[in-house]
Amino acid sequence: MTTGTLITVAPTGAESAKAEVPALPVTLDELLLTAKECEALGAAVIHVHIRDDDARPTLDQGRLRDTVAALRDSTDLVVQLSSGGAVTDPEADRLAVLDAGPDMASCTMGTVNFGDDVFLNRWEFIVELHTRMQERGIVPEYEIFDLGHLTALQRLLGKYGLPAGGHVHVDFVMGVPGGMPGTTATLVAAQQMLRDLPEGTTFSATGIGRSTIPVLLASLSAGGHLRVGMEDTVTYAKGRPVESNMQLVARAVGFAQLAQRPPLTTAEARGLLGVTAAGR
Ligand code: KMH
Ligand code: ZN
């Protein structure tokens, strides 16, 4: 039985423009304030994309290192850097994200149509990410945008072994135009496929846009964990823009408590995910 709920906040992403979404945290100060407040509310992991001085997505190595260091100074959150970046980011830059020494990094398990774009994740690139993370003690979160990505993960683990920390954790990113839909039926189908992965594999789920709440409720009832944040949704309810990431985390915490699965502490999250100081 799953007891507590792991809550991940994904505060920024690479897709929304600051000009259109003024509440989006894009500077380091904005990110740190968001991180501290979300941690106080019950988030345990932060999934990080950063922006440049013009608020555009960047994988600048110096900024990534400064961000990791500042988050560690100001919070006890598990720091997960995005290796997905933006759809335009080259593979070399995405691999170099690991050089910033995060606790965790995302590892997307296949290519997916992404709105009008393509989010490219070649097999050889996935293998490179996975093995470099193994070598460096960085714990992956396998991002699953479509059901076939779980089959790719089974193949990856079968050929190259378990990730750093020995625990497998996946995140179902549902409702991307081009990926799996954000519905209860799809979440159940994805959960069923976890049977082919190592025993004890855990999952979080997030629904993009209007699938946010259905996916959140489905995940909680299925024993899954939650990812919320302005990377995934900028609308709180019909006609109501999200005011802050804290608003989304507070809502997730409320639902988790109602489900009698209160938020995991950061220490409990480290225990669950197999995060140690090895990646630092
Ligand atoms: N921004 C998307 C193209 C990840 O962070 O690993 C990819 C993404 C996944 O957000
Ligand atoms: Zn991301």
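## Two ligands, worked through

An oxygen atom of ligand 1 comes within reach of Ser106, 2.6 Å from an N or O atom in that residue's side chain. Taken alone, ligand 1 exposes 300 Å², and the protein buries 98% of that. Keep in mind that this is a predicted model.

**Exercise 1.** Work out which residues surround ligand 1 and how the shell divides into nonpolar, polar and charged.

*Solution.* Start with where to look: ligand 1 sits in the largest pocket. Next, list the neighbours: Glu15, His47, His49, Ser82, Gly84, Gly85, Val87, Ser106, Thr108, Phe114, Phe119 and Glu231. Now sort them, and you get 3 nonpolar, 7 polar and 2 charged residues.

**Exercise 2.** Find the distances from polar side-chain atoms of Glu15 and His49 to ligand 1.

*Solution.* Take Glu15 to begin with: a polar atom of its side chain is 2.8 Å from a nitrogen atom of ligand 1. Then turn to His49, where a polar side-chain atom lies 3.1 Å from an oxygen atom of ligand 1.

**Exercise 3.** Identify what coordinates the zinc ion (ligand 2), and describe how the donors are spaced along the chain.

*Solution.* Pick out the donor atoms: NE2 of His47, NE2 of His49 and OE of Glu231 coordinate the zinc ion at 2.1 Å. Written along the chain, their spacing reads H-x1-H-x181-E.

Methods
Residues numbered from 1 in each chain as written. Chains lettered and ligands numbered in written order. Predicted model: local features only at pLDDT ≥ 70, side-chain atom pairs only at ≥ 80, totals over all residues. Heavy atoms only, no water. Near = heavy atom within 4 Å. Polar contact = N/O pair within 3.5 Å; in protein donor to acceptor, adjacent residues only side chain to side chain. Areas by Shrake-Rupley, 256 points an atom, 1.4 Å probe, with all protein chains shown as cover. 1 Å grid on protein atoms, 1.4 Å probe; cavity = no way out; pocket = protein on both sides within 12 Å on 5 of 7 lines; lining within 4 Å. Sits in = over half its atoms within 2 Å of the grid points. Nonpolar A, V, L, I, M, F, W, Y, C, P; charged D, E, K, R; others polar. Donors = N, O, S within 2.8 Å, 3.2 Å for Na, K, Ca; no water.
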